[in-house]
Structure formats: C-alpha cells, structure tokens
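Please have the viewer open as you read.

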Amino acid sequence: MKARLQVLPYGWRLLLATITLGIGTGLVGIACHYLLEGVQWLAYGQDGSDLIQQFKQAGGLRRFLVLSVTGILAAGFWYVLQKHYKILSIRKQIDLVGNTDPVPLAHLLHAVMQIVIVGAGASVGKEAAPREVGALIAGRLGKILSLTIKERRVLIACGAGAGLAAVYQVPFASSLFVFETLGLGYSWQNILLVLASTYLANWIVQPIVGHAVLYHLPPVSWSFNSFFHAILIALLVTPLALVFSYLTKRASHKRRKDETILWALPLAFLVLASLAFFFPVFMGNGQVLAQALLSNQPIPYLPLTLAVKGLLVYLFLRNGAYGGTLTPSFALGVGAGYLVTLIFAAVGIHLNPTLGMLLGATVFLGTTLQAPLTAIALSIGFTGQPWSLTIPLVLAAGVSYMIRKRWEKKR
C-alpha cells in the first residue's frame, strides 16, 4: 500500500494527506464529543444540554464520589502509562520528526483519559486531547506518504489546529492558533494546508455536534466609550493572566510523573470533590462558570471563586493531570472582565458588563496562549458575536500584548 502511494506525484500525496487529516480529525472530534457526553451521563445522569443543571441534579454526594474515584483511577492510569511510555507533546512531536515517533496506542489512551476526567468534572480543558490526536494522525500520514521532514512538521501543526476546530467548531480561530501558538511560518502553501484541514474537520463534525455557539448571549453593541473600557480591562486583567500563565506553565513543567502521583493526584481530586459537594460551579473546564456569568446568573464571592478556580487548574496540572488551559482561561477572563466592570460601576463609571466580559476573555486568552489574534477570534467564535466587535477587542488585545512584552523583557 505504501509503495503504491509513493508512485503518486508529491503534490498529490500532500493533498491526499491534508484531506485525510481533515476527515480523520473531524471523526476524532465526533468521538471526543460522544465520549465526553457518555462519561457525563454515566457519572451524573440526565441530559447534558445544561451542564450546571446536570451537576446540580446529581447531588453533592454523587459529585463527591465521582470525582474521588476518578482521581484514584486517573492517578493509577498515568503512573502506569508513563512508566512504560514517553508521552510527547505536540511541540516535541514537531521537533522530533524523523528521529522519534510517538507510540500511537499510548497517546490515544492518554487522550481518552483527558476527556474522561473532564467529563467527570476535573478542572482542566478538553481541547488538548483532540489536538494531540490530530497531531498524531498527521505524523503517521506524513510518514506513510513519504513527505519531507518540513512538510511533516507542517502537517502535525495542521493536525493540532484541526483537532481544536473539531472540538470547538472554530475553524478560523484554530487556523490562527496554528500560526501564532505553534509558530508555523506564513506562506501561501502553509495557509492553504491549515485552512483546508481545519475547515474540513469542522465540516465533518457539524452534522453531529451542530452549528450552535458554545456560549449563548445576544449581540453586544459598542461605542466610543468601549475604547476606554478596552484599555482599562487590558491594564487590569493582563497582570492576572500573566500570573495564571506563569503558574500553569510551571505546573506543567514540574508535573508529577513518578510514584508520588499516586497520592498527589487523588488528593487534588479530593479537594475539588469537597468544593463541588457544596458548589458545583467549580466543576469542569470552566464552561459552567463562563456560561453562568454570560447569562447573568449571580456568582457569590466572585473574586474568591475566580482565585479558587485558577488554583484548582494549577493543582491538577502540578500533581499529574493532563489537559488544556484554553477554556479555563476563557472563563477566568470572563470573570475578571466582569469584576473590573463592576468595580468601576461602584465608583460611578458605568460600562457594558457583557462587553467587559468579552474584553476580559480576549485579554486573558491572548496572554495565556501568547496569541492575541487567536484570542479575538475565539471570543467571537465562542459567543457568535458580529465581527464588528473586533474593533474594541483588537485594542484590548494590543494593549495587553504590549504589557506582556514589557513584562517578558524584565524577567
């Protein structure tokens, strides 16, 4: 089979790899969707269309038991897996092309466990798993079709972007993510490969997942006061995002992988389980918290809630769990933007709270992802806002970018 494929002209092989990658990653997105819903149904019952209601109706004891048991199982799984196999990040897969190939089964099981713990309510994002599987598929395709090392690296980056598009239905933002976060060089060929793979993956998954946006809210209007609002949010939220970004990167770098994970990770789950017994808003990747804020549901002690949510993400990553920080960053940014807007309202400066939340999410995402354009596109894509809203979002992201660069120079 491989010999027959190699007879094809190189351009046709590259095209075949891109189309196959888009289709394959779309199917991965569908599998992740069903796996997540299946775990949530087994763990908490009822319909998952309203996640916070699903968690609440399950009852505090069930939430506590599910999270506690999940922590024990996840710790044992990752200890055994990492004792026998080396898990390569997407960046490592790109850098080691031609030298070291990831073990497919180990990485697939690793991705499945990430989805399982998010479905059970762990405080990490679900987007890392489909990105990693997309990169894995891309690496195998590049090798089977005998693509050059350069094109195989591009294809792995495309796979990561297509995985993000498939799980969140944001193909344009996912394309920007590939260039900004993974550092893929801008060229016409790279742009076409990225767009083709991300939009094809998104098209494949839509009949199952649907076209609905992740967070429902009416169109947000803006005015010249929004420019002042954007600058305020950037100045006050960026430092918080920098702290969160520093903590999560440090946690991932020092993640427990030895036998200490067997007690540390269950303890992290136990902390969350104890909180979730009384406050289900702390459960999950942040989607519950973000939707509650965006739909104007009251969150008591909001500053404390945001601080605890951020610390939970750190606690999980530091003590052995794997997962993304994209959705937690979005939720924390929404909360931080809303909090800043409320503070100014208390001193007589009244600004649009919904716009404040979107500005905060953009600033927080742009800082943690180090990708301001991706953050703008994600905030719009997640909430279905008109593209005219990019004007104040660009200002907030730009000011935040300058603050981050000055901070990085001083380190």
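This is a predicted model: local features need pLDDT of at least 70, side-chain atom pairs count only at pLDDT 80 or more; totals for chains, interfaces and linings use all residues.

Residues are numbered from 1 along each chain as its sequence is written, and side-chain values use heavy atoms, with hydrogens and water left out.

Helices (H or I, at least four residues) are DSSP runs numbered from the N terminus, as are strands (E, at least two). Buried means under 20% relative accessible area, exposed over 50%, and partly exposed in between (1.4 Å probe, protein chains only).

| Helix | Residues | Buried | Residue that follows, with phi |
|---|---|---|---|
| α8 | 149-168 | 17 of 20 residues | Gln 169, near 55° |
| α13 | 287-294 | six of eight residues | Asn 296, near 65° |

The expected span of a helix is 1.5 Å times one less than its number of residues.

Next comes α13, which is largely enclosed by the rest of the structure because six of its eight residues are buried. Those are Val 288, Leu 289, Ala 290, Ala 292, Leu 293 and Leu 294. Their cover includes α3, α14, α15, α16 and α17.

Finally, where is His 229 found? His 229 is in helix α11 (residues 225-253), and is buried at a relative accessible area of 2%. Contact means heavy atoms within 4.5 Å. Leaving aside residues up to four places away in sequence, His 229 touches Thr 341, Leu 351, Asn 352, Leu 355, Gly 356 and Leu 359.
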